[in-house]
Amino acid sequence: MNINKIELKFLTAVDYEELKEAMIESYSSMPGAYWRKHHIENLIDRFREGQVVLKVDDKVVGCALSIIINGDDFEVAHSYKEITGNYSFQTHDPDGDLLYGIEIFIKPEFRGLRLGRRLYDYRKELCEKLNLKGIAFGGRIPNYHKYASELTPKEYINKVRSKEINDPVLNFQLSNDFHPVRILKGYLEGDAASEEYAVLLEWDNIYYEKSKIQVEINKKIVRLGLIQWQMRPYQSLDDLMKQVEYFVDAVSGYRSDFALFPEFFNAPLMAEFNHLSEAEAIRGLAAYTDAIRDQFSQLSISYNINIITGSMPFLSDGKLMNVGFLCHRNGHIDMFKKIHVTPDESKVWGLKGGDEVQTFQTDSGQIGILICYDVEFPELGRILSDEGMDILFVPFLTDTQNGYARVRNCAQARAIENECYVAIAGSVGNLPLVHNMDIQYAQSAVFTPCDFAFPSNGLKAEATPNTEMILVADVDIDLIRELHNFGAVRNLKDRRRDLFDVVRIKSKEGDQNQSKSLTVNESLIDSK
């Protein structure tokens, strides 16, 4: 077939005769199944953007017609007559929230050229442009009559999906990211090939934003500011916080939405307790935590930036924990706790693990925070991902390259398996006058999933190793949304939850959360 030109055009009344001819050829098994001219003119008057034709060398070879409806009005089963208002199209509602397809076809001799995909892609773009929830339509199943005596419509659809039965119409719709919602009985009168059954198919617009009365900023591009902190002696808390403010000023000057400090960045203040044991010294350091938290909160407000404070020791009812604070720029403060303490932290300092795993809603997306060693436990990242996390922040402190490699490699794995961004920030330098905190090694970085919309190696940006500096990087939240639904692989959607899952379990008093690493379907175990 020799083709010189393919065009997608808005349908006009001038196109009607060609459109009628194309419909008659396309629906040869359904005589008289074509739109009359007054129908087409009515549709164009009501919703011009929804009516398009595909022309090959200036001849109509395909068409897509649609209206906008209120999805809630048609949640239950409906017929073609009902959805079109008995072909009057009075059901079209310019203020509706769902694009409903009432016609799409390609002439038989032009099928197999993927021309239908252009019509579907146009509908998707229109849906996104108009901020509609999605697209729906009743899809014919023209091969069903061959199996109607032995299969129910549901069984037929399942066999088509599993490739046991070939239904070119349904296969094409499924390949264009539409998913079956329900069976529609008696949908299209006279459709003998489908036994008058249809499948309600839907496509979800992941960019849809429900209208809100309150004024709210919903950021799509989020700027991260990572502080690779130099350990150096400080004479007082004021000296330490002057250096903190210097870096907050620096990253906020680049209009960053977040500033991330490392784990135990305030360790230099332990020098004044060097005459005590390590366990007593870190408890002395914990006395500064409340004051540091309050000053961070003031900085977040003053510099208009959300600050993740790294972490610091915290005493609560005699229990020593490693905690940090998320200081929102609106003045709100959240606490996060390290769940897993390392053998050294437990042995030398007597640190205890926390018992809260949670995400935090911010003005720049939903985030999770895991302190250092916690990122090496994939269950925690998965729990946060299931709660809607877009960005995972990891403040860390490592003394050697192999310790750093564990944090880095696990952080990058969390980005891939949870389809999110991961930012890690650590400290560099040495503290010869602080016991158990002698040396540090770090290379702060921002990781991404590995797919076409992201860097092929999953590395958005990284700092120079062992050098005091800031790292600023932008991440696009919309790309994450797109990856969830249309990625080359879909790690979250493709999980075999019939075999395993990662869940929360309650402990003791009922309010304390622990992570249960794996729940396996017991019947599957028994069968083996």
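Author: By class, 26 nonpolar, 13 polar and eight charged residues make up the lining of the largest pocket. Nonpolar here means Ala, Val, Leu, Ile, Met, Phe, Trp, Tyr, Cys and Pro, charged means Asp, Glu, Lys and Arg, and polar means the others, Gly among them. The model is predicted: local features need pLDDT of at least 70, side-chain atom pairs count only at pLDDT 80 or more, and totals for chains, interfaces and linings use all residues. Residues are numbered from 1 along each chain as its sequence is written, and side-chain values use heavy atoms, with hydrogens and water left out.

Reader: What makes a space a pocket, and what volume does the largest pocket have?

Author: A pocket is an open set of points on a 1 Å grid over the protein atoms alone, with protein on both sides within 12 Å along at least five of seven lines; a cavity is a set where a 1.4 Å probe fits but cannot get out, and lining residues have an atom within 4 Å of a point. Points are joined across faces, edges and corners, and volume is the space filled by probe spheres set on them. The largest pocket has a volume of about 1,300 Å³. Its lining counts 47 residues, and Tyr27, Glu103, Ile104, Phe105 and Arg140 are the closest to its centre.

Reader: Which elements give two or more residues to that lining?

Author: They are α1 (16-26), β4 (98-106), α4 (115-129), β5 (134-140) and α6 (168-175). Helices (H or I, at least four residues) and strands (E, at least two) are DSSP runs, numbered from the N terminus. β4 gives the most, six residues.

Reader: How many cavities of 30 Å³ or more does the structure hold?

Author: Two. Strand β13 (residues 333-337) gives the largest share, three residues. The lining divides into eight nonpolar, one polar and three charged residues. The second largest cavity holds about 50 Å³. Among its lining residues are Met270, Phe273, Trp349 and His435.

Reader: Why is Phe264 called buried?

Author: Buried means under 20% relative accessible area, exposed over 50%, and partly exposed in between (1.4 Å probe, protein chains only). Phe264 has 2%, so Phe264 is buried. Its place is in the loop between β9 (258-260) and α8 (278-286). Phe264 also has a positive phi of about 50°, although it is not a glycine. Most residues other than glycine have a negative phi.

Reader: How do you know that the buried residues of α2 line one face?

Author: In α2 (residues 37-46), the buried residues are His39, Ile40, Leu43 and Ile44. Down the axis they fall within an arc of 130°, so they line one face of the helix. That arc is taken from the directions from the helix axis to the C-beta atoms. On the other side of α2, His38 and Asp45 are exposed. The cover over the buried residues of α2 includes α1, β3 (59-69) and β4.

Reader: What puts the buried residues of α13 on the same side?

Author: The buried residues of α13 (residues 477-486) are Ile477, Ile480, Leu483 and His484. They cover an arc of only 115° around the axis, which puts them on the same side of α13. They pack against β8 (221-231), β16 (391-395), α12 (401-418), β17 (421-425) and β22 (469-476).

Reader: Why does Ile69 count as buried, and which residues does Ile69 touch?

Author: Ile69 has 1% relative accessibility, so Ile69 counts as buried. Ile69 lies in strand β3. Leaving out residues up to four places away in sequence, Ile69 touches Phe74, Ile83, Thr91, Gly96, Asp97, Leu98 and Tyr100. Contact means heavy atoms within 4.5 Å.

Reader: What radius of gyration does the protein have, and what would a compact globule of 528 residues have?

Author: The protein has 30 Å, whereas such a globule would have a value near 24 Å. The radius is taken over C-alpha atoms, and the globule rule is 2.2 Å times the number of residues to the power 0.38. Along the principal axes, the C-alpha atoms fill a box of roughly 95 × 55 × 45 Å. The protein has 14 helices and 24 strands. Of its 528 residues, 49% count as buried.
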